[in-house]
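Here is a short briefing on one protein chain. Look at the sequence and the 3D view first, then read on.

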Amino acid sequence: MSNQQSQQAVKIPLPKGKKNTVQAGCVCLMMSISMYGLVFFTLTSPILERVNAMGYVSLFSIFAGLGVSIMTPIGGKLGDIIGRRNIVVIPGIICAIAGIAFAFARSLPVLMILRLLVGLAQGAFTSAPYIIAGLIHEKKDVPKAMGLLATAVALGSFGGSIIAGFLTDMGMLEVAILIPAIPLLLGVVLVGINMPNQKREGNVSIDVPGIIALSIALCGILMALNFGSSMGWTHPAILAGFVIGIAALVALMKIEEKAEEPLIPLRLLKNRGYTVLLAVGFIAYFYQTAMNVYSPISTLQVLKASGTVTGSLQMPRTLITIVLPTIAGAWVGKKASNSWKAMAFSTGLAMIPMLMMGFTTPSTSIILYFVAIAITGIAESFRSVAITPAAQSMLQPSDIGVGTSLVNFFNSLASTVSAAVFGVVYNNCTASDPSNAALIQKGVNQVFITAAIVSFVGVLIVIFIVRPQMSQKEEG
């Protein structure tokens with residue numbers, strides 16, 4: 001293929017220097033997203049202890065994912081309206097402001113509101129780096145670009161965990177919370193200056209009824225799950241939450257069937273191969289809340305490790321995910337059948353470490369946690385380069401934006417749903433005394449075992465559904 005033909009194959013052709021700069025901006029954005037996640041997850045205990053609110057661990061983790069889940073599909077549509085560049089710049093600035101304010105908040109309601117706002121802003125632009133990668137690169141280079149984004153997530157995890165833990169031990173909690181704003185603002189500048197603000201041609205409408213129904217469904221069901229164990233599953237408020245949430249979910253399906261520009265395009269779900277990949281992506285993400293939220297709680301509260309050691313838990317995982325995704329992306333790009341194998345690795349190698357941590361006692365060596373979380377780095381490396389490119393390959397070019405946003409929506413939904421599910425499991429064990437180390441031990445162990453079971457289901461789906469589908473597609 002000549003250079004001119006290559007440029008024509010790229011949806012947004014850019015000079016090499018600008019393309020690399022935009023890619024660097026996307027790397028900064030992903031680094032910031034993962035840094036914010038790991039900062040908040042690693043520092044959940046000190047943040048909530050500072051306002052005497054350790055009983056709100058599960059609610060805090062739900063708020064962390066709720067905003068992202070609501071805004072991810074909306075962000076894809078907003079990108080069509082205001083342009084891919086602006087969907088990075090505007091929400092990126094909002095996210096930075098909310099994150100900075102969070103560092104100085106001293107009341108639980110304000111912390112919850114700001115955490116939700118950070119999630120809403122991140123959800124608006126979380127799909128943008130993946131969409132931009134698919135627009136500025138040739139198809140054969142997209143898995144490699146996804147690998148770079150995965151490396152960025154790894155680097156952000158390093159900054160968001162070990163640096164946060166070290167700064168907290170030094171009595172600099174506020175500084176630890178402020179750090180992620182640096183790569184975020186850098187990414188906003190790099191993309192904002194070098195990326196043309198491409199919009200979808202023609203009129204684009206916002207599915208306001210769908211947005212409202214989705215928000216009510218998620219809030220109703222997830223809040224009911226969170227408070228059910230403490231208030232009682234038959235409490236009128238809990239029952240009302242489930243009823244309202246389920247009714248909103250049914251309404252959402254009916255709204256999306258008739259919407260001119262649906263928030264969640266149900267027609268894409270008629271593509272069986274694409275839908276199965278959404279399910280695999282959901283499951284491949286599910287364990288991460290257990291790892292990010294409950295492993296630091298376990299090491300701090302059960303193993304009595306320091307903040308610095310707890311913040312270092314993800315260092316081996318980080319080193320693996322800095323190097324392996326690019327290699328894995330090149331491997332997946334060589335042969336179509338390698339894609340399902342990568343998905344099998346991503347689910348199977350998430351199950352094993354969850355089981356390893358599922359039998360923690362006060363005498364458990366902290367080394368076990370380092371090894372277990374390092375194994376998840378291999379799982380994440382293969383997940384990051386397999387599912388999204390495979391899903392994009394099943395979509396029409398006009399559906400790349402909304403289809404990629406839907407993949408990211410299911411991924412973020414996995415974090416939100418898993419936070420609620422793990423919250424139920426954890427709260428059932430700790431509701432009587434949230435600060436009791438023995439009850440915390442029981443709670444985190446059950447969370448890890450639950451995560452392992454879900455990952456095992458993912459392995460079965462990949463082997464018995466995805467593999468035959470991809471083999472058939474390759475033969476066809």
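Helices here are DSSP runs of at least four residues, numbered from the N terminus. By that numbering, Thr-21 is found in helix H2. Keep in mind that this is a predicted model.

**Cavities**

- Rolling a probe the size of a water molecule over the atoms shows where empty space is left.
- The count comes to five cavities of 30 Å³ or more.
- The largest cavity has a volume of about 620 Å³.
- Its lining is made up of 30 residues, and the closest to the centre are Ile-33, Ser-34, Tyr-285, Gln-288 and Ser-415.
- Several helices each supply at least two residues of this lining: H2 (16-42), H4 (57-82), H6 (108-125), H8 (142-169), H13 (272-301), H17 (366-393) and H18 (400-430).
- Which helix gives the largest share of the lining? It is H2, with six residues.
- By type, the lining of the largest cavity divides into ten nonpolar, 16 polar and four charged residues.

**The nonpolar core**

- The largest nonpolar core holds 143 residues.
- Ile-132, Ile-177, Tyr-294, Met-343 and Met-354 touch the most other members of this core.
- Helix H13 gives the most to this core, with 16 residues.
- Leaving out residues up to four places away in sequence, Ile-177 touches Tyr-36, Val-39, Phe-40, Leu-43, Ile-47, Gly-99, Phe-102 and Ala-103.

**A covered helix**

- Helix H7 spans residues 128-136 and is mostly covered.
- How many of its nine residues are buried? The count is nine of nine.
- Among the buried residues of H7 are Pro-129, Tyr-130, Gly-134 and Leu-135.
- Ile-132 is also buried in H7, and Ile-132 is one of the residues that touch the most other members of the largest nonpolar core.

**Cysteines**

- The model has zero disulfides.
- Cys-26 is in no disulfide, and its nearest cysteine sulfur, that of Cys-28, is 9.3 Å away.
- The cut-off for a disulfide is sulfur atoms within 2.5 Å.
- Cys-26 counts as buried because its relative accessibility is 1%.
- Cys-28 is buried too, with a relative accessible area of 10%.

- Is Thr-21 buried or partly exposed? Its relative accessibility is 23%, so Thr-21 counts as partly exposed. Buried would mean under 20%.
- Beyond its neighbours within four places in sequence, Thr-21 is in contact with Leu-190 and Asn-194.
- Thr-21 and Ile-93 are 72 residues apart along the chain, and their C-alpha atoms are separated by 19 Å.

**Asn-411 in helix H18**

- Asn-411 has its place in helix H18, one of the helices that supply at least two residues of the largest cavity's lining.
- Asn-411 counts as buried because its relative accessibility is 4%.
- Which residues does Asn-411 touch, not counting those up to four places away in sequence? They are Gly-281, Phe-282, Tyr-285 and Arg-383.
- Tyr-285 is also among the residues closest to the centre of the largest cavity.
- Asn-411 and Met-35 are 376 residues apart along the chain, with their C-alpha atoms separated by 17 Å.

Definitions and conventions. Residues numbered from 1 in each chain as written. Predicted model: local features only at pLDDT ≥ 70, side-chain atom pairs only at ≥ 80, totals over all residues. Heavy atoms only, no water. 1 Å grid on protein atoms, 1.4 Å probe; cavity = no way out; pocket = protein on both sides within 12 Å on 5 of 7 lines; lining within 4 Å. Points joined across faces, edges and corners; volume = space filled by probe spheres on them. Nonpolar A, V, L, I, M, F, W, Y, C, P; charged D, E, K, R; others polar. Buried < 20%, exposed > 50% of the residue type's maximum accessible area, 1.4 Å probe, protein only. Contact = heavy atoms within 4.5 Å. Core = buried A, V, L, I, M, F, W, Y, C linked by side-chain atoms within 4.5 Å.
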